[in-house]
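Hello,

Here is the structure I promised to pass on to you. Have a look at it first, and then read on for what turned up in it.

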Amino acid sequence: MKRTLVGLLALGLLGSLGLAQKTLVFGSNGEPVTLESGNITDGISIYAQRQIYDYLVDFKPGSTDVIAGLATSWFASNESKVWTFRLRQGVKFQDGTPLDAEAVKFNVNRWWDPKDPSRINAASNYEIWSELFGGFKGDKASVLKDIQVVDKYTIRFIMNTPVPYFPAAIGSGYFGIASPTAIKAEGAKYGTAAGSAVGTGPYMFKSWQPGDRLTLDKNPNYWQKGLPKTDSVVFRFIKDPAARLAELKAGSIDFTTDIPPANLKDLQGDANLEAVFRPSFNVGYLALNPGYKPLADPKVRQAIAMAVNKKAIVNAFWGELGMTNGHFMPTSMKTYYSSKVTDYEYNPTKAKQLLAEAGYPNGFDLELWYMPVSRPYFPTAKEIAEAMGADLSAIGIKVKFQTKDWAAYLNDRKKAPGFQAYMLGWTGDYGDPSDWYNPHFASPIADLFDAAGKPLDLKELNAILDKANSSSNQAERVQLYQQADDITFGLALRIPIVHSQPLVAQRKGISGWVPSPLGSETFATIVKK
Amino acid sequence: MGAYTARRLLGLIPVLLGISLLVFLFLHLIPGDPAVVLLGERATPEQVATLREKMGLNQPLYTQYFLFMRNLLHGDLGNSVFNLLPIREQLASRWPATFELALSSILIAVLVGIPLGILAAVRKNSMADNFSTIFSLVGVSMPVFWLGLLLIYLFAVNLQWLPPSGRISVEAGASFKTITGFYLLDSIIQGRSLAEVAAHLILPALTLGTIPLAILTRITRGAMLEVLSQDYVRTARAKGLGERVVIWRHALKNALLPVVTIIGLQFGTLLGGAILTETIFSWPGIGSWIYEGILNRDYPVVQGGVIFVALVFVVVNLVVDLSYALLDPRIQYR
Amino acid sequence: MASLAQTSTLKRPPETPTRLAVRRFMKSTSGKIGLVLALVLILVALLAPVFKPYDPATDRNYIERLKPPSAQHIFGTDNLGRDVFTRVIHGSRISLRVGLIAVAISLTVGTFLGLVAGYFRGWLEIVIGWFTDIMLAFPGTLLAIAIVAVVGPSLTNAMIAVSITQIPVYIRLTRSVVLSARELDYIQAATALGAANNRVLFRHLLPNALPPIIVQATLSIGTATLETAALGFLGLGAQPPAPEWGAMLSDAFRGGYALNSPWTMIFPGLFIMFTVLAFNLLGDGLRDALDPRALR
């Protein structure tokens, strides 16, 4: 191409070095918070950790099916109350520490036990463990009761309640198995830019320049023979999509994620680039808080579900990159779909009628909160909010748009009386419906409120979810979750707007990248020409 | 001169106290408990209590300020809430990027602005003068963030002459050692990647440098015109000295005084403008760091960044004032 | 002004200060261009609803997204299919309003504090001077950003933040004028005759300070426009669906389409530049007219 200026200038200096080394450059849409496993909730950190760590179980590329990871086999006994994992033998951490049952126990204790001495970072609280497994050690609701080292390569988890989804959950991107030696040696520096991170994964920590890049080198002793296929991976932190696309076009990054759908046409028109779709594993929804009086009436919420032209919005903002079907879970979970659910049709007249029946013939005022950041489920939250606002004003609901910075947004929606209506979404952690229903509909619901300002408690639905959580009979679980699908659809508390296939892109010459519906995957299989 | 310096230094004390007070109050002005603000949404009550104790939030405000000052004097600005790293370390790793950018911008402004201003003054009302006038008018009216986007669009995306963001490419960065943090200097020391580093610097430096460039052109032109109309220049001309000698020996020397002042003042202003430029070019300096801090509600970062920039600003202004006093012909010649 | 008017009486028939100023202004090329540009902008702002009566925020057409400029949409359309031209001209209403209000705030507060400091001297002057020095120890953009970080992002907060950063300029300006003016004979006389403080301040001293203040205020409108747009660009200023120019640029950049649909960024930026340019030129012209001795 025309990279003459840099090209000519750099040629003399670089030419002599020879570029036999294959470096893969990833345009990361931000900087990891930390590389310490189990102490993160954001996708950017997970992406980086996936390259450094391995997990007890792994997922089949491009799907949510569980396959062997550091554990080669596992089984449940006592109605899913006891889970036993057999570990792969002969695997070593990048610092030479052998991977064994003690090492796994060390990691799990660190996440689970608030009193664990290896928890050094004062400001860390390993929240994600408690979110996925009911609580920490000592909490009443904790699903984990005990961890036992059976022998050098066998570890056993004893549960308080049946946890049929345990392998999928412990294999989620948060829980990479880290080297106990490194954590003990580095203390509070572990996982930060001033320290390092040590796992058993395909790439090893080399350096982290804050605000700029994270460099990982090939793990020469990786247990999967022939992997990774590149010598190093560099995460360049480029927050804004326009800048990242410019870099991709210039060839200074090889591949990137989180591209706003408006750019699909542009990508398809560039011969050097390739648009790639990540299989949908998310939902973008509009939450309606019954703590706000007009929204306490299900008729009003259903009216809103009818008034928002979801198909037009999806078509406008995602095109072929999104779909809407009324189900809270994406199509990769369609085993659990209720056949009774067909989405509310777009019908402003009927919506107005419903509003009138509920006692709001002239509509009402509504504060609609949209996220200040781009997420795969709502890449351009602000514009989508505006589109929904326009639809709502057509049935007399006067929308006022609100936003806050991201952390405050996440936090304040849980403070009574909460936001009146807000946009949010979910990307699944693992392929089990419990991961979708529990955080959103299990009582008490932290981010929706009742008239008294208490977190919402849906007794009937909660009983179903409880039953499904503790059943190890797959057929029964399917039937229960189909019921849950039915009920949540009728409640219209979280109106599913979209299941999107996030747009990612790579340059021609990159192959072997299989984006996972789970949102992150290893780069070990990627080949660069 | 010594007395003047002492007076200026003494005069700084109340200003520095004021800055520290303002930055100290910053955390307290944000609605909500500072400990909660610092720890973020996932903090447990115990952690909040511990931090309140550690920060002395249960003590009267003046005691807290005293503690804050003591830590500040020890260079302890706390830790980031977001990635837990000490603010001091992050400042240390990021300021060279910002300084390199700001210095390059000033350099562009000086190398282009001063000759352009001189040319405009010497050939008053010529095409060159009109061009420089229009250029400087448009330049000071330019939204830098827009200019940055235009430059990326033109030179990085369309022509692909220059890289769109960052300080060094991945290929060159792999074997590049950060010694001083000033990449230009580092590349000279190592004898490699100089062109690489320079290429990455051009667009952001142009973006950030446009306003000072415009101002400098205008000031230089004005100062030169002023000086050229002075008696001693007329005398020099009357003595039959060549035009070149008159301009370079006599006029320029005296015209440069206000120009030097402006350069100093602009440097401080650049540090503020760097927030926008660094954001657009993913430049890992203080500006993008403060901005990320605001987005992440990472208040210690914002606090540390703001106090750092303010201190640099104050010091630069002091140096400008002192050098002005040192160079002022009225002091020299009387 | 008084002394200048007197010197000219020697040569030609008496001329009022106002007429003199107008004559000087009309001689200033930049002043005239600035005046025309500013008038055009004000006209555009006033007539925006007449040009395109539809609502620039909600009128969207999904199918017409990101279309390049054409006869139908002369500035093209944005990612929601909104007409960029309409949004840009409606944006002038926001920018002019914000610029004027922000300047009005900083001018009122700053001039008042400057008058007080210059007239009463003593500890008041010291405190106000201290405050001014502290404010000026922060680069303007950084100070505005820090203020918005505390009070939260919104157009109003951005406007207030921008006006706060401008206050010290007016304090210094007014104070220096007052310091020299209070030595003038007629003011000394007024004080000696026992005129009330506020009478001396507002009847005698303020008029002296007005010309440079008017010049500074005009220039400040440009600065305020630029700073507000910068805050909007960082997402710390105007919020949707307001068609604020900085926010439009922010959308284009963060939506990723700024570089493949460049019309979405070119036109809002051009309008920011023209607005700032207009008031800078106008300020220059006014300086030539009102304050000819000021250093350019």
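A word on charges before we start: Lys and Arg count as positive and Asp and Glu as negative, while His and the chain ends are not counted. Please also keep in mind that this is a predicted model.

Chain B carries 24 positive and 19 negative side chains, and 12 Å separates the centres of the two sets. Its secondary structure consists of 15 helices and zero strands. The C-alpha trace of chain B spans about 85 × 55 × 40 Å along its principal axes. Of the 334 residues in chain B, 51% are buried. Among the contacts in chain B with a separation of 6 or more, 70% are between residues 24 or more positions apart.

Chain C has eleven helices and zero strands, and along the sequence its pattern reads α-α-α-α-α-α-α-α-α-α-α. Here 56% of the 296 residues count as buried. Chain C has an accessible surface of about 12,500 Å², and carbon and sulfur atoms account for 68% of that. For contacts in chain C with a separation of 6 or more, residues 24 or more positions apart make up 71%.

Now to chain A and its sheets. One of them is an open sheet of seven strands with mixed pairing, in the order E8-E9-E10-E1-E11-E21-E12. Its edge strands are E8 (203-209) and E12 (273-277) of chain A, each of which pairs on one side only. On average, neighbouring strands of this sheet are turned by 20° against each other, direction ignored. Helix H7 (residues 241-250) of chain A packs on the sheet, where it touches E1, E10, E11 (255-259), E12 and E21 (503-507). The direction of H7(A) makes about 150° with that of E11(A).

On the next step the direction is parallel: six bridges join E1 (residues 23-28) of chain A to E10(A). There, Leu24(A) has Val233(A) as its bridge partner.

How many residues of strand E10 of chain A are buried? Six of the six residues in E10 (residues 232-237) are, so this strand is largely enclosed by the rest of the structure. In a regular strand the side chains alternate between the two faces of the sheet. In E10(A) both faces are covered, with Ser232(A), Val234(A) and Arg236(A) buried on one side and Val233(A), Phe235(A) and Phe237(A) buried on the other.

Another strand to look at is E5 (residues 82-87) of chain A. Five of its six residues are buried, so E5(A) is also largely enclosed by the rest of the structure. It runs antiparallel to E4 (residues 71-77) of chain A, and six bridges join the two. Ser77(A) stands opposite Val82(A) in this pair. Four residues lie between the strands of the E4(A) and E5(A) hairpin, in which Asn78(A) takes a positive phi near 50°. E5(A) also pairs in the antiparallel sense with E7 (residues 154-159) of chain A, over five bridges, and here Val82(A) stands opposite Ile158(A).

Finally, chain A has an open sheet of six strands, ordered E14-E20-E13-E17-E15-E16, with mixed pairing. E14 (322-323) and E16 (398-402) stand at its edges with a single partner strand each, so one side of each is left without a neighbour in the sheet. E14(A) and E20 (residues 494-500) of chain A run antiparallel and are joined by two bridges; Gly322(A) has Ser500(A) as its bridge partner.

Helix H14 (residues 434-441) of chain A lies across E13 (282-288), E17 (421-427) and E20, at about 155° to E17(A). H14(A) is mostly covered, with six of its eight residues buried. These are Ser434(A), Asp435(A), Trp436(A), Tyr437(A), His440(A) and Phe441(A).

Enjoy exploring it!

Note on methods
Residues are numbered from 1 along each chain as its sequence is written. Chains are lettered from A and ligands numbered from 1 in the order in which they are written. This is a predicted model: local features need pLDDT of at least 70, side-chain atom pairs count only at pLDDT 80 or more; totals for chains, interfaces and linings use all residues. Side-chain values use heavy atoms; hydrogens and water are left out. Two strands pair if DSSP finds at least two bridges between them. Contact means heavy atoms within 4.5 Å. Axes are lines fitted to C-alpha atoms, for helices over the stretch in contact, and angles run from 0 to 180 degrees between N-to-C directions. Buried means under 20% relative accessible area, exposed over 50%, partly exposed in between (1.4 Å probe, protein chains only). The place of a charge is taken as NZ of Lys, CZ of Arg, CG of Asp or CD of Glu. Accessible areas come from the Shrake-Rupley method with a 1.4 Å probe; for residues, only the protein chains shown count as cover.
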